[in-house]
Amino acid sequence: MKLFIATVLGILAAGLGIWVLELLGHMLFPIPFEIKADDIEAFKAAMFKIPFKSLMAVVLAHGIGVWFGMFVARMVDKTTHAPIYGVSSFIMLFTVINLLMIPHPTWFTIADIGIILFATIAYVATRKKKA
């Protein structure tokens with residue numbers, strides 16, 4: 001039960017962290033034009049016109065957010081890495097779904113997947129299981 005709670009709390013923390021950091025990124029690096037979410041073709045075309053800084057803020061939000069989620073999961077259950085992998089896998093799954101549904105610049109796709117993998121590997125490599 002502790003494993004399940006750790007995973008769920010970690011996923012919620014990661015989602016909240018990503019949301020807050022993306023909001024901050026959008027405030028710091030606003031998109032200089034309006035994107036209409038109801039016109040999917042215009043939305044897809046606009047993805048390639050968004051400035052680098054705005055997209056990079058999203059990549060960093062995903063990396064820091066997933067790290068925060070893994071941290072929360074680890075605080076709840078220190079006996080196994082399973083909640084950490086659960087949080088990372090959940091965020092990665094929905095990141096890939098988003099990348100497949102909405103075309104993104106190639107560099108963004110590579111960076112977004114890469115930062116989640118890097119955050120996971122770095123976090124796990126620096127933590128020891130506690131009995």
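Q: Which residues make up the nonpolar patch on the surface?
A: In this predicted model, the patch consists of Met1, Phe4, Ile5, Val8, Leu9 and Leu12. Together they have about 620 Å² of accessible area.

Q: Take Leu12, then. Where is it, and is it buried or exposed?
A: Leu12 sits in helix α1, which covers residues 2–28. Its relative accessibility is 56%, so Leu12 counts as exposed.

Q: And how far does α1 reach from its first C-alpha to its last?
A: The span is 38 Å for 27 residues. That's close to the 39 Å expected at 1.5 Å a residue.

Q: Which residues in α1 are buried?
A: Ala6, Thr7, Gly10, Ile11, Ala13, Ala14, Gly17, Ile18 and Gly25.

Q: What covers them?
A: The cover for the buried residues of α1 includes α3 and α4.

Q: OK, switching to aromatics. How many aromatic pairs are there?
A: The count is five. One of them is Phe52 with Trp107: the ring centres are 4.9 Å apart and the planes are at 40°, so that pair is tilted.

Q: Which helices do Phe52 and Trp107 lie in?
A: Phe52 is in α3 (residues 52–76), while Trp107 is in α5 (residues 106–125). The pair therefore ties together parts that are 55 residues apart in sequence.

Q: How accessible is Trp107?
A: Trp107 has a relative accessible area of 32%, so it's partly exposed.

Q: What about Phe90 and Phe94, how are their rings arranged?
A: They're tilted, because the planes are at 45°, with the ring centres 4.8 Å apart. Both residues lie in helix α4 (residues 82–101), and being four residues apart there, they are separated by about one helical turn.

Q: What is it in contact with, leaving aside neighbours within four places in sequence?
A: Thr95 is in contact with Asp112 and Ile116.

Q: And how far is Thr95 from Val58?
A: C-alpha to C-alpha, Thr95 and Val58 are 11 Å apart in space. In sequence, the two are 37 residues apart.

Methods. Residues are numbered from 1 along each chain as its sequence is written. This is a predicted model: local features need pLDDT of at least 70, side-chain atom pairs count only at pLDDT 80 or more; totals for chains, interfaces and linings use all residues. Side-chain values use heavy atoms; hydrogens and water are left out. Rings of Phe, Tyr and Trp (its six-membered ring) pair if their centres lie within 6.5 Å; planes under 30 degrees apart count as stacked, over 60 as edge-to-face and the rest as tilted. Helices (H or I, at least four residues) and strands (E, at least two) are DSSP runs, numbered from the N terminus. Buried means under 20% relative accessible area, exposed over 50%, partly exposed in between (1.4 Å probe, protein chains only). Patches are made of residues with over 30% relative accessible area and no salt bridge: like charges are joined within 9 Å, nonpolar side chains (Val, Leu, Ile, Met, Phe, Trp, Tyr) within 5 Å. Accessible areas come from the Shrake-Rupley method with a 1.4 Å probe; for residues, only the protein chains shown count as cover. A salt bridge is a side-chain nitrogen of Lys or Arg within 4 Å of a carboxyl oxygen of Asp or Glu. The expected span of a helix is 1.5 Å times one less than its number of residues. Contact means heavy atoms within 4.5 Å.
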